[in-house]
Amino acid sequence: MPGADKETDLSERIESFLSELKRCGSGAGSLRGSAETARETTALLRRITAQARWSNAGDLMEIIRKEGRRMTAAQPSVTTVGNMVRRVLKIIREEYARSRGSTEEADQQESLHKLLTSGGSSEDNFRQHFAHLKANVIEAINELLTELEGTTDNISMQALEHIHSNEVIMTIGRSRTVEAFLKDAARKRKFHVMVAECAPFCQGHEMATSLSKEDIETTVIPDAAIFAVMSRVNKVIIGTQTVLANGGLRAVNGTHTLALAAKHHSTPLIVCAPMFKLSPQVSDTPVQSHLHDLVKLTSILSKVNAHCPVFDYVPPELITLFISNIGGNAPSYIYRLMSELYHPEDHEL
Amino acid sequence: MADSDGRQVDSINHSTEEGVKLQEIVQAKCEGKELTREEKQRLRKEKKQHKKNKKDDRGPPEKEKEKEKASVPAPSKPATQSPAHKAPVPVNASASESPVAAEKPAKSKAEQRAERRARQDTERASKQGKKEGGQLSASSKPKATPNELQPVVKRLPEHIQVDDPAALKKLAKKLERQQVPLRSDYGYKVSLFSHLHQYSRKNPPTQQISIPATVIHPSIVRLGLQYSQGIIAGSNARSVALLHAFKQVIRDYSTPPNEELSRDLVNKLSPYISFLSQCRPLSASMGNAIKYIKKEISNIPSQCKEEEAKRRLQECIDSYINEKIILASEAISKYAIEKISDGDVILVYGCSSLVNHILCEAFEKQRKFRVIVVDSRPRLEGKEALRRLVKKGIRCTYVLISALSYILPEVSKVFLGAHALLANGYVMSRVGTSQIALVAKAFNVPVLVCCETYKFCERVQTDSFVSNELDDPDDLIVTRNGKTHLENWQTVKSLGLLNLVYDVTPPDFVDLVITDLGMIPCTSVPVVLRVKNVDQ
């Protein structure tokens, strides 16, 4: 039966995606960028919408929620997967509301009165069937995909507004967003870049070689020298793995030190992060990676504890500006953007 | 001085003789044989002669006065000042004739006597200090007495003037005169640091020295090689090795005839010191040790017999090592152990011999604590500290410096070592120390710096750029996941690698400095320096 084939095909795809996620070790500088992960997740969700069997919005949301839970369980540190799931859920809610004909503005205006009086009964349970819901949802997901494809370009287009000539810019590790940002600015302006190599995996080396190929004056510095050279740095531009709801960051380890050093010298800290990195939910367990050939002390390794955390938490007071595909924002505004992207009931998948 | 007597002949004969003698000297120099004092003087004379011939011939008395002034430098001042007075003229093998030449040999004896007299005067004056401050002979330059608040005319150290071609030329001439090989810079230097040297470990300066080394004592050559390859690293280790090498030099030293041990030995040490600073710039502790030795040597009374003098010097060196390093570390441990309580989690950075000693002592005194060792690329010195502590039986954890904010919430105290303490209260230490102090301050963890007083220096510095050391940039290259991204960094025009060795920590990050004189705040360093100078 064609339906069953479609279903098995779908579940196969889901399985392969999950296994890829599990393999994608969070430590070794992700095998593919988060933009790619976001695109693949969204494409998979579109496929689920198209091929899975559902009759009303509630069913669809249940299916997506279930798959989303499985995907986030496969690799909890890759938060973009969960973010995309929540975006799609919000899309479904919006399309349902539009089909029902209720005014969108009233729903979106979370007036204080409404927040106080909403007892959970304001929303129905999405059981009504609409013929065109599927088509509408798929169209909306396509829009989301085009938005995702353009995020890096949108961010890079803002580069010239933030970098002037003869600046010294510091960055850490390897971020494809920051790379594109700097390369775009380098087409018109001349500046210096200092890249902190971010041991133990030293992703900074790759970043530096790629920047220097575009004729940008680049210097690689070890992590220990971050504070020593900070006094000559004009701006710090970094990427991040996740942006938290309070405006804080979950970024590669060493970023907190960098942020503290920047604060001490009153150097602005700019974070280039596309909107799909905004995450309302972050797991508390610190993620640690394997210490490869880092410690060649086999004789005493048994008596020593070694730690190698992958991410750092950076509090929002150390951050000056967020640059995303929809423009620049202060960290204090992030919570508002979060509420526009995700529905509060979806925060917990 | 048979030569000068024999030269009371015709000027023509004299000049040809001079020419022949000169060629011999230059030949000897090329072969690396050590020149005797007279030969060196003759070379100098020839250079001066050429300079004089280039300008108009001046009168002899003027020349004599100038020469006297030029040869006055006290032994305590490094001999680098003399090239400024000697003409920078290349020695030509052919001596040019000049009527002045005939008078020179006669002058040389008198001039040397005057020289010696002047030097004795200045030495006596510096020994007695303030009393004879203003009564020195008029021809000698005013001595800078450190006890008074007179403006000290400081000479900029050469190793931070690499971007000045005049300074480089001066250095090259000085090294040539001392027959010390000049080391060339390596690799693309980051523009912020173009005033510093950057050497490669693959080209040690010992490659250019002939074997057997006759100009530079072999133990000094070995020491220089150990410095440049990083075999001996760490402020205390370097100073102790230096002092031991000097002891060996003194043992093998024999005063040449008609020379005073107190003056000649100091002159002998100058090329050694130049060589060592070519291998690796001198640390503050080494600088203080050298100053001490030179002072001790010049304080040897002239009637002292050679064996007695050598024995006395070796005793001085032994007592210096014992007092300033070994006993100091005992005193510091005693103070520091009061600060370690049971249940502490102590963070240390890199490998500081003093901090390791403190922790081992505390462990022996049955304090219960555990240690977190923070390490950083590219030196990874923390591994050595880890090894030593684990051998003692202390419970340790190992992290890299990028994991600092992750591990700091567990830490109760931070112990740091220092390379030098500057007069404005800044702590100069291994790069990364300031970062640790910064993050510890942000987490409200107390930072204690342990430093012996012999590492205090009178320099002031506010950032890590103006005076620092650049290590071999190739050290940053590493292979990860089978790929070495920076392998061909030299071919890429706009790519630079920066391997800093030191950085300065502002005093507001440091809560306490533990020295052998007690526990002081960071800002009391100039007080200690003043007290030390008054004592000496």
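B:Arg377 and A:Glu197 are both buried, where buried means under 20% relative accessible area, exposed over 50%, and partly exposed in between (1.4 Å probe, protein chains only). Their side chains form a salt bridge with an N to O distance of 2.7 Å; the term denotes a side-chain nitrogen of Lys or Arg within 4 Å of a carboxyl oxygen of Asp or Glu. This pair crosses between chains, from the loop between strand 2 (369–375) and helix 14 of chain B, which holds B:Arg377, to the loop between strand 2 (192–196) and helix 9 (203–213) of chain A, which holds A:Glu197. Helices (H or I, at least four residues) and strands (E, at least two) are DSSP runs, numbered from the N terminus.

The structure is a predicted model, in which local features need pLDDT of at least 70 and side-chain atom pairs count only at pLDDT 80 or more, while totals for chains, interfaces and linings use all residues. Residues are numbered from 1 along each chain as its sequence is written, chains are lettered from A and ligands numbered from 1 in the order in which they are written, and side-chain values use heavy atoms, with hydrogens and water left out.

Between chain B and chain A, 2 salt bridges are counted. A:Arg232 and B:Asp463 are joined by a salt bridge at 2.6 Å, N to O. Elements of chain B that each supply at least two residues of the side touching chain A are helix 14 (382–392), strand 3 (395–400), helix 15 (404–407), helix 16 (433–442) and strand 8 (495–497). In total, 52 residues of chain B are in contact with 52 residues of chain A, contact being heavy atoms within 4.5 Å. The area buried between the two chains is about 4,400 Å², and carbon and sulfur atoms give 65% of this area. Buried area here is the accessible area (1.4 Å probe) that two parts lose on being put together, summed over both.

Chain A contains 12 helices and 12 strands, and 54% of its 349 residues are buried. Of the contacts in chain A with a separation of 6 or more, 81% are between residues 24 or more positions apart.

Helix 3 of chain A (residues 57–74) has 18 residues and should span 26 Å at 1.5 Å a residue; its end C-alpha atoms are 26 Å apart, which agrees. The expected span is 1.5 Å times one less than the number of residues. Buried residues of helix 3 include A:Leu60, A:Met61, A:Ile64 and A:Met71. A:Glu67 forms a salt bridge with A:Arg70, with the closest N and O atoms 3.4 Å apart. These two residues are separated by about one helical turn, because they are 3 residues apart in helix 3. A:Glu67 is buried at a relative accessible area of 7%, whereas A:Arg70 is partly exposed at 34%.

In chain B, B:Glu308 forms a salt bridge with B:Arg311, with the closest N and O atoms 3.0 Å apart. Both residues lie in helix 12 (residues 306–339), 3 residues apart. B:Glu308 is partly exposed at 30% relative accessibility, and B:Arg311 is partly exposed at 43%. A network of salt bridges links B:Arg201, B:Arg379, B:Glu381, B:Arg430, B:Asp471 and B:Asp475. Over all chains, 38 salt bridges are found.

The count of disulfides over all chains is 0, a disulfide being a pair of cysteine sulfur atoms within 2.5 Å. B:Cys396 is in no disulfide, and the nearest cysteine sulfur, that of B:Cys360, is 9.4 Å away. B:Cys396 is buried, at 4% relative accessibility.
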